[in-house]
Amino acid sequence: MRIGQGFDVHRLRKAPGPLRLGGLQLEVGLALVGHSDGDVLLHAVCDAILGAAGLGDLGTHFPEDQASWQDADSRQLLKRVLEMAGKAGFRLHNVDSTIVAGRPRLAEHRQDIADSLARCCGLDAPLANVKLKSNEGFDATGRGEAIAAYAVALLLDDSD
Ligand SMILES: [Zn+2]
């Protein structure tokens, strides 16, 4: 077994959207700015998987200055990361994550985000968990200027 952790943060702005979290598209009048489609949760999960597999980080494999990843669908990035981990002999067992967002209110979407994350990871629903924190008005996430995500992933060594 191998464990890895990941973190990511993206700036939040008023935009027609959609806001992408865990591969789910939320129409809430807000969007995340940044590399690819800004799916902060999938990026944290990608880094957790890469970390567990000893394969570096997302930025190394999908450089921000490379135009081809500019508006990339993060579900495709995750797919590539899972393939890389698979080639290295690892299979994803489960993912746990925390989204830190002062806005929008995500509580009613929590299960949908978790279900979407499970689909993206090829896992059964209970094996992809999503937790929510509002950060109580503190720092950029608490003030609703950004959304952050933390993730841990457990990989099973398929080679033995
Ligand atoms: Zn990111």
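Start with the metal. Along the sequence, the donor residues of the zinc ion follow the spacing D-x1-H-x32-H. Keep in mind that this is a predicted model. The donors are Asp 8 through OD, His 10 through NE2 and His 43 through ND1, at 1.9 to 2.1 Å from the zinc ion. Are Asp 8 and His 10 buried or exposed? Both Asp 8 and His 10 are buried.

Helix H1 covers residues 40-53 and helix H3 covers residues 74-87. Their axes come within 10 Å of each other and cross at roughly 10 degrees. Angles under 35 degrees count as roughly parallel, so H1 is roughly parallel to H3. Which residues of H1 and H3 make the contact? From H1 they are Leu 42, His 43, Val 45, Cys 46, Ile 49, Leu 50 and Ala 53. From H3 they are Ser 74, Arg 75, Leu 77, Leu 78, Val 81, Leu 82, Met 84 and Ala 85. Sorted by class, the contact of H1 with H3 has twelve nonpolar residues, two polar and one charged. Note that His 43 is on both lists: it is a zinc donor, and it belongs to the H1 side of this contact.

Next, the backbone. There are two cis peptide bonds to point out. One runs from Gly 17 to Pro 18, with omega near 0 degrees. Pro 18 sits in the loop between strand E1, residues 2-14, and strand E2, residues 19-21. The other joins Arg 103 and Pro 104, and there omega is about -10 degrees. Where is Pro 104 found? Pro 104 is in the loop between strand E5, residues 90-100, and helix H4, residues 110-121.

Last, positive phi values. Glu 136 is not a glycine, yet its phi is positive, near 50 degrees. Glu 136 lies in the loop that runs between strand E6, residues 128-133, and helix H5, residues 139-142. With a relative accessible area of 68%, Glu 136 is exposed, because exposed means over 50%.

Asp 139 also has a positive phi, about 45 degrees, and is not a glycine either. Asp 139 is placed in helix H5. Its relative accessible area is 43%, so Asp 139 is partly exposed.

That is the list. If you want to look at one of these sites again, I can go back to the structure.

Note on methods
Residues numbered from 1 in each chain as written. Predicted model: local features only at pLDDT ≥ 70, side-chain atom pairs only at ≥ 80, totals over all residues. Heavy atoms only, no water. Axes fitted to C-alpha atoms, helices over the stretch in contact; angles between N-to-C directions. Helix = DSSP H or I, 4+ residues; strand = E, 2+ residues; numbered from the N terminus. Parallel < 35°, antiparallel > 145°, perpendicular 65-115°, else oblique. Contact = heavy atoms within 4.5 Å. Nonpolar A, V, L, I, M, F, W, Y, C, P; charged D, E, K, R; others polar. Donors = N, O, S within 2.8 Å, 3.2 Å for Na, K, Ca; no water. Buried < 20%, exposed > 50% of the residue type's maximum accessible area, 1.4 Å probe, protein only.
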